[in-house]
Amino acid sequence: MTFNNLLVTGGCGFIGSNFVRYWMAHHPESHIVVYDKLTYAGRQENLADLWEDSRLSLVVGDITDLDAVRRACQEHQIDLIVNFAAETHVDQSILGPLVFTDTNVRGTHVLLEVARELGLRLHHISTDEVYGHIRDDHQSVETDELAPRSPYAASKAAADQLVQAYAITYDLPVTITRGANNVGPYQYPEKAVPLFSTNAILGEAIPVYGDGLQMRDYAHVYDHCTGIEAVLLRGEIGEVYNVGTGREMTNLEMVDIVLETLSKSHDLVRHVTDRAGHDRRYSMNVDKLRALGWQPRYDPKEAVAEAARWYADNRSWWEPIRSGEFREYYERQYAERLAGTAQ
Ligand code: NAD
Ligand code: DAU
């Protein structure tokens, strides 16, 4: 299967930009239109070396704007929409949840409407958070009930259900991937691994929520990209596929890997007030994706270490971010939490 013209929404964000880079390197026949609102997390410089390439173009727009999405699809003769565009940070969804419903639910709905009208395939990027927190030693399979517990997760679950409803009602050719916690290049430093890495490099405190024994499957973004590719090329229309390593670690183990990789002291770690409604454990079974011939390149330890190294080697990418608007968010999220925790 080949795709001529892809509309990659959210292509200036962390996973979207890694996907664009991966797809252009492995599918030279395709043209890609990045459709992005350029929120704080959407950064044109993530693809700085590729904008000169005639196979890539940028449309700055909002996925909730139906006319603009339709126009972009028609003008560029799009045959596949890959939807990465979203508000993505759980802590931001606790501070200000409404934009999560606007973008993640209504925005996805708009894309489905345009896909229906123009007869396009749509691939939707979802998350393991839609399964809620996973008890005992269960691993989520794609048919498990959705049980989201944060405003972010709830908005993503609603989007999944709209995508599945369009497949059933209108026979729209859709697929969904549900990704684990991604780490790697160009991840905005609000997320734990880049936040902890950059704080460690700067010699600042590392704010671990609660006891730090929450479990996550830290998967390298490269493996997410190859997983999406496998589903686009060989996945069954109408189906959902989990994408992760299938192995989780505690946040304290993740912190140890970051500190060891960067040769920094454990004295930086501070246990701070927990995230409201913090999901204790995510864990997914990825056999369905493996059956398509996919396997991850990185185990979770290598993924975290490789990500930490990237932040050490790419200060020019994150230093301007951390000294800008990010500071205001950081103060709001951490000032009170960190006050009085000095060792
Ligand atoms: P990100 O926050 O780094 O980037 C999101 C991108 O979407 C940005 O470029 C932003 O400008 C764009 N965007 C936001 N609102 C928009 C709107 N209304 N219209 C157009 N563009 C808009 O996100 P990410 O971490 O790369 O996540 C990408 C997708 O993968 C999301 O759907 C997320 O839910 C999902 N996901 C993320 C992870 C993870 O660990 N980061 C894991 C599983 C799934
Ligand atoms: O699981 C997939 C999800 O992974 C994606 O759908 C989300 O878009 C992405 O943000 C991520 O969600 P998490 O909430 O799991 O990731 P985050 O990096 O925010 O946090 C990872 C873990 O670290 C989590 O247990 C919370 C904890 N944490 C996070 C921050 C920011 C801390 O202990 N301290 C922190 O300061």
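Reply: Strand 5 gives three residues to the shell around ligand 1, the largest share. This is a predicted model, in which local features need pLDDT of at least 70 and side-chain atom pairs count only at pLDDT 80 or more, while totals for chains, interfaces and linings use all residues. Residues are numbered from 1 along each chain as its sequence is written, chains are lettered from A and ligands numbered from 1 in the order in which they are written, and side-chain values use heavy atoms, with hydrogens and water left out.

Me: What makes a residue part of the surroundings of ligand 1, and which come closest?

Reply: A residue is near a molecule or strand if one of its heavy atoms lies within 4 Å of it. For ligand 1, 28 residues surround it, and Ile15, Asp36, Thr88, Tyr152 and Lys156 are the closest. By type, the shell around ligand 1 holds 12 nonpolar, 12 polar and four charged residues. Here Ala, Val, Leu, Ile, Met, Phe, Trp, Tyr, Cys and Pro count as nonpolar, Asp, Glu, Lys and Arg as charged, and the others, Gly among them, as polar.

Me: Why is the pair formed by aspartate 62 and ligand 1 called a polar contact?

Reply: A polar contact is a pair of N or O atoms within 3.5 Å; within protein, one must be able to donate a hydrogen and the other to accept it, and residues adjacent in sequence count only if both atoms are side-chain atoms. A polar side-chain atom of aspartate 62 is 2.9 Å from a nitrogen atom of ligand 1, so the pair qualifies. Threonine 103 also has a polar side-chain atom 3.1 Å from a nitrogen atom of ligand 1. The protein covers 97% of the 830 Å² of accessible area that ligand 1 has on its own. Accessible areas come from the Shrake-Rupley method with a 1.4 Å probe; for residues, only the protein chains shown count as cover.

Me: Which residues come nearest to ligand 2?

Reply: Asp128, Tyr152, Asn181, Arg275 and Tyr334 come nearest, out of the 27 residues around ligand 2. A polar side-chain atom of asparagine 181 is 2.6 Å from an oxygen atom of ligand 2. For asparagine 251, a side-chain N or O atom is 2.8 Å from an oxygen atom of ligand 2. Of the 680 Å² of accessible area that ligand 2 has on its own, the protein covers 94%. The shell around ligand 2 divides into 12 nonpolar, eight polar and seven charged residues.

Me: How do you know that valine 90 is buried?

Reply: Buried means under 20% relative accessible area, exposed over 50%, partly exposed in between (1.4 Å probe, protein chains only). Valine 90 has a relative accessible area of 7%, so it is buried. Valine 90 is found in helix 3; helices (H or I, at least four residues) and strands (E, at least two) are DSSP runs, numbered from the N terminus.

Me: Why are the buried residues of helix 11 said to lie on the same side?

Reply: In helix 11 (residues 315–323), the buried residues are Trp317, Trp318, Ile321 and Arg322. They cover an arc of only 105° around the axis, so they are on the same side of helix 11. The arc is that of the directions from the helix axis to the C-beta atoms. The exposed residues Ser316, Pro320 and Ser323 are on the face of helix 11 turned away from its buried side.
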